[in-house]
Amino acid sequence: MPIDSVGTHGRGRRIQRPGSAAAGCRSVPRAPLGLKNAVYNQGEWLVQAVASDRRFVQFAVEGNSFLHDFTQAMNAQAPTPTSKFLHLFTTHPPYVYQEGCVYAGRELEISAENDFIQATCALERVAALLMRLREIGVYDNSAIAIISDHGNYLLESRRASSPSRASLIGSANPTFAFKPVQSEGPIEVRQNEVHIGDFGATLCDGLQVCSVPQGVSALSPSGARTRVFYDYRWENDFWSADSIETLKKYEINGPIGSLSSWSLGAELPVGEPMAIADMDNAGDFLISGWGGLEGWGVWSIAESAYLAFTSPPGAGAVRVRARGFVADGIPRRTVSVSYRGQELASIPFSLTDSKVEFDIPLPDDRENVVELEFRITDPVSPKFLGLSEDTRNLGIGLEAISFLPENKPTSAQIP
């Protein structure tokens, strides 16, 4: 039963390679409880350093091999109900499978085709496991859940209404499928607004043997609700960190693929200018195409850079203080600002006017969440111009933003 589900957290970075160093982890289920707790080490696995070594481990290959062995060894001899929890990386990049689930022996390019092949190989192993459950006569009496902790953030999500949101929406949209005991018929797709934290409530509802205080069962009809997603990029230093400074909290109210369903952090008040460098939550507004924060603000580093915000009540325009990246080699440049393909302003920069303040009128028919695209003509790096070793392709630098009340005259240059 796949559903419009939201995960709890964001994206990883580690890339693994093939080998057998992690194979010793397979013996952990057979170990005494005390040894299991010691190896688990409150989530900081004692084997983490070895199991994450790129010289040894390719988790997609290792996970599929484990599923094969697990399926072959499965039996129904236990006198009491049994639960199994398998955490595998069989669909996780890097992509290493060719057609026919043949291991390529190397990491393949990130593409929809290679993603499909790797997912297919994983599903074939899962299908074999399900067939084995039928063979030993326990499939009908088994509750089966297939979930993931995050979705695919490397490829553009087909559910994303905004190109800048494709990676984020893909990351926040994990697999959530559940087969209750004694269920029959084809897979049913529901439009429930589900959170991955609903798994406990769904499992208890399906088994009718327990209850949990958190979550909503995916088996029951659900109305509108607020779902929370925490976005971050995993770093191994987080094991010992007290907090994750780059953590972004999003609230989703409605279909996950719609930008208007997303709340992008705290609203900026009308009339109060905010320096980008001083904003604790600047990352909530700087969606994509921007570099890291600097002491004065932030540079765009792509041909398109996106700024998104929750439109505060009574706001009629956005005032932006900015600088253009101009130099002797590129004395002029123009930056256009658009909303949903409609150009709202065109801002020229020159050697004599490299710092400007301009207003962007907000359309009357705008959605609650406004996403502005800053389109930069011919961004170029300081290194290319011989100015420094900075290889980023710079265009416009944002210094401060504020919202103007409705009916206040604006100075934006309207095409």
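**Rings, charges and disulfides**

Arg134 sits over the face of Tyr139, 4.1 Å from the ring centre; a charge counts as over a ring if NZ of Lys or CZ of Arg is within 6 Å of the ring centre and within 35 degrees of the ring normal. Everything here comes from a predicted model, where local features need pLDDT of at least 70, side-chain atom pairs count only at pLDDT 80 or more, and totals for chains, interfaces and linings use all residues. Residues are numbered from 1 along each chain as its sequence is written, and side-chain values use heavy atoms, with hydrogens and water left out.

On to the aromatic pairs: searching the whole structure turns up six. Rings of Phe, Tyr and Trp (its six-membered ring) pair if their centres lie within 6.5 Å, and planes under 30 degrees apart are called stacked, over 60 edge-to-face and the rest tilted. Phe59 and Phe89 make a tilted pair, because their ring centres are 4.8 Å apart and their planes stand at 40 degrees. Since Phe59 belongs to helix H3 (residues 59-73) and Phe89 to the loop between H3 and strand E2 (95-98), the pair ties together parts that are 30 residues apart in sequence. Helices (H or I, at least four residues) and strands (E, at least two) are DSSP runs, numbered from the N terminus. Phe59 is buried at 14% relative accessible area, whereas Phe89 is partly exposed at 25%; buried means under 20%, exposed over 50% and partly exposed in between (1.4 Å probe, protein chains only).

Trp296 and Trp299 pair edge-to-face, with centres 5.2 Å apart and planes at 75 degrees. Trp296 is partly exposed at 21%, while Trp299 is buried at 10%. Ring pairs link these two and Phe325 into a cluster. Trp296 also has Arg323 over its face, at 4.0 Å from the ring centre.

As for sulfur, the structure holds two disulfides, defined as pairs of cysteine sulfur atoms within 2.5 Å. One joins Cys101 to Cys121, S to S 2.3 Å, and is left-handed, with -110 degrees about the S-S bond. This pair links distant parts of the chain, 20 residues apart: Cys101 is in the loop between E2 and strand E3 (102-108), and Cys121 is in helix H4 (residues 112-135). Cys101 is partly exposed at 27%, but Cys121 is buried at 5%.

Cys204 and Cys210 also form a disulfide, with sulfur atoms 2.1 Å apart; the torsion about its S-S bond is about -110 degrees, so this link is left-handed. Cys204 is buried at 8%, and Cys210 is partly exposed at 38%. Cys204 is one of the buried residues of helix H6 (residues 199-207).
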